[in-house]
Amino acid sequence: MGLFGKKKKDEQKWQKAVLTLYACRGETDSIPGKIQEVFVSMLEGFSQVASNHFEVSLKDGSAINLYIISDPSETAVQADGMANFFSQAQLDNQEVKAAALTQIRLFNCIVGIEFQINEDSARTNAVVNAVYRLAEQIVAFVLHPNMSLYHFDGRLLISIDGRTDFESFNPVGDASLLDKGRAEETQADKDRKARSIAVCKAKGIPYIEHLRAAVYESECRILSKEDILHRAAAVFTACVRSEVYTQGQDRNPEALAREMAEEMDERYGVGGWLSEAERAYLDGKLDDAANHNRFGWRYECCAVLLWAISLFELGEPNEICDASKLGALMWNNDFDSLKEKAILRSREEILDMQDLILRYDWACVDARIHGTQIEAVNSEIVYEWHYALNWLVGAEGITDWDKVRTTT
């Protein structure tokens with residue numbers, strides 16, 4: 001019988017297997033064609049099941065399902081999570097580890113591959129080899145279920161137990177991702193990191209020395225106090241809608257929410273400053289419990305934005321901000337009156353806060369991964385602060401509020 005000759009499927013002992021490809025690509029349209037190329041010798045049929053789901057039918061009656069994910073909102077979360085996970089690996093070669101973590105953070109395309117294996121090792125090897133050929137075709141790395149990440153040439157890049165086959169490694173990616181080079185880290189950046197770590201030590205918050213700054217001082221571009229106030233007003237308006245719905249005290253919450261949004265527009269002109277997500281929420285297109293909760297937490301973002309222009313004081317990120325104080329500030333003023341009172345904090349002060357919260361957020365993510373807790377801070381508050389601060393400093397060059405990333 002040939003390698004993929006016909007055999008009744010129920011006569012074999014099949015087990016599910018999974019490999020995942022991670023790549024940096026500007027496009028994904030060519031991937032289905034490359035899938036057919038690498039599996040051609042064992043291919044019985046090929047079909048598109050859904051927009052991102054493809055099925056390879058093999059000559060032995062089994063199938064391989066491939067799922068292509070390129071939505072930035074999903075790939076960014078997975079890349080960040082993987083980088084956080086592998087940051088725990090105890091590699092002796094710290095340069096390779098740092099380069100591997102950089103590579104992981106660049107991933108913007110994921111191909112999940114589900115297939116079946118049996119006792120036929122030759123068949124298994126044929127399928128796995130085809131997967132690696134696909135990885136080579138799309139310049140991807142292969143993640144095995146034991147959390148080992150391999151180069152498409154078969155060399156181990158990094159494993160959670162601290163192994164690598166590389167003596168040196170340079171991250172690779174789509175040109176559109178790598179064209180933007182980073183500035184040189186200055187002494188001021190190093191000093192800022194040292195101050196953040198000192199605070200973490202004092203508060204008993206875990207940290208890692210090699211976590212780089214999201215933005216170096218020379219890269220930081222902070223907007224004007226007017227732009228920050230516009231953004232704070234837009235965020236506050238969405239928060240108010242959330243509060244109307246979650247308090248559940250009004251018989252006609254839609255009418256009350258609309259009335260309050262109209263008043264905010266009169267006071268602050270928020271209509272021209274809403275993000276797409278905020279506009280959809282205020283238009284009632286995102287009215288569900290999850291979104292009411294999501295926008296309700298943004299009071300914390302609003303507090304940070306107003307802190308940046310010296311209109312609100314922040315405590316520690318372990319207790320939710322006083323929404324009544326925020327409300328008193330916003331409802332008893334308008335754009336012009338707050339603009340006169342606002343004083344933009346220095347770039348150094350905002351960067352200090354951003355770098356510290358970046359490290360707090362890393363500790364919170366690490367705690368979630370390991371099923372532990374950080375007593376000194378509230379992870380949900382930290383996330384919202386991190387979000388607002390990344391927008392304030394232009395982390396990763398992102399200025400679109402809805403697309404801010406909290407990479408750690």
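The model is predicted: local features need pLDDT of at least 70, side-chain atom pairs count only at pLDDT 80 or more, and totals for chains, interfaces and linings use all residues. Residues are numbered from 1 along each chain as its sequence is written, and side-chain values use heavy atoms, without hydrogens and water.

Start with the sheet. It is open, has 8 strands and runs β2-β3-β4-β5-β1-β6-β7-β8 with antiparallel pairing. Strands are DSSP E runs of at least two residues, helices are H or I runs of at least four, and both are numbered from the N terminus. Two strands pair if DSSP finds at least two bridges between them. β2 (43-50) and β8 (156-159) stand at the edges with a single partner strand each, so one side of each has no neighbour in the sheet. From one strand to the next, the twist averages 20 degrees.

Look now at β6 (residues 140-144) and β7 (residues 148-150). They pair in the antiparallel sense over 3 bridges. His-144 stands opposite Ser-148 in β7. Helix α3 (residues 94-106) packs on the sheet and touches β6, β7 and β8. Contact means heavy atoms within 4.5 Å.

Move on to Tyr-387, in helix α15 (residues 379-393). Tyr-387 counts as buried because its relative accessibility is 5%; buried means under 20% relative accessible area, exposed over 50%, partly exposed in between (1.4 Å probe, protein chains only). Among the residues that Tyr-387 touches are Arg-298, Cys-301 and Trp-401.

Note on methods
Axes fitted to C-alpha atoms, helices over the stretch in contact; angles between N-to-C directions. Lists of a residue's contacts leave out its neighbours within four places in sequence.
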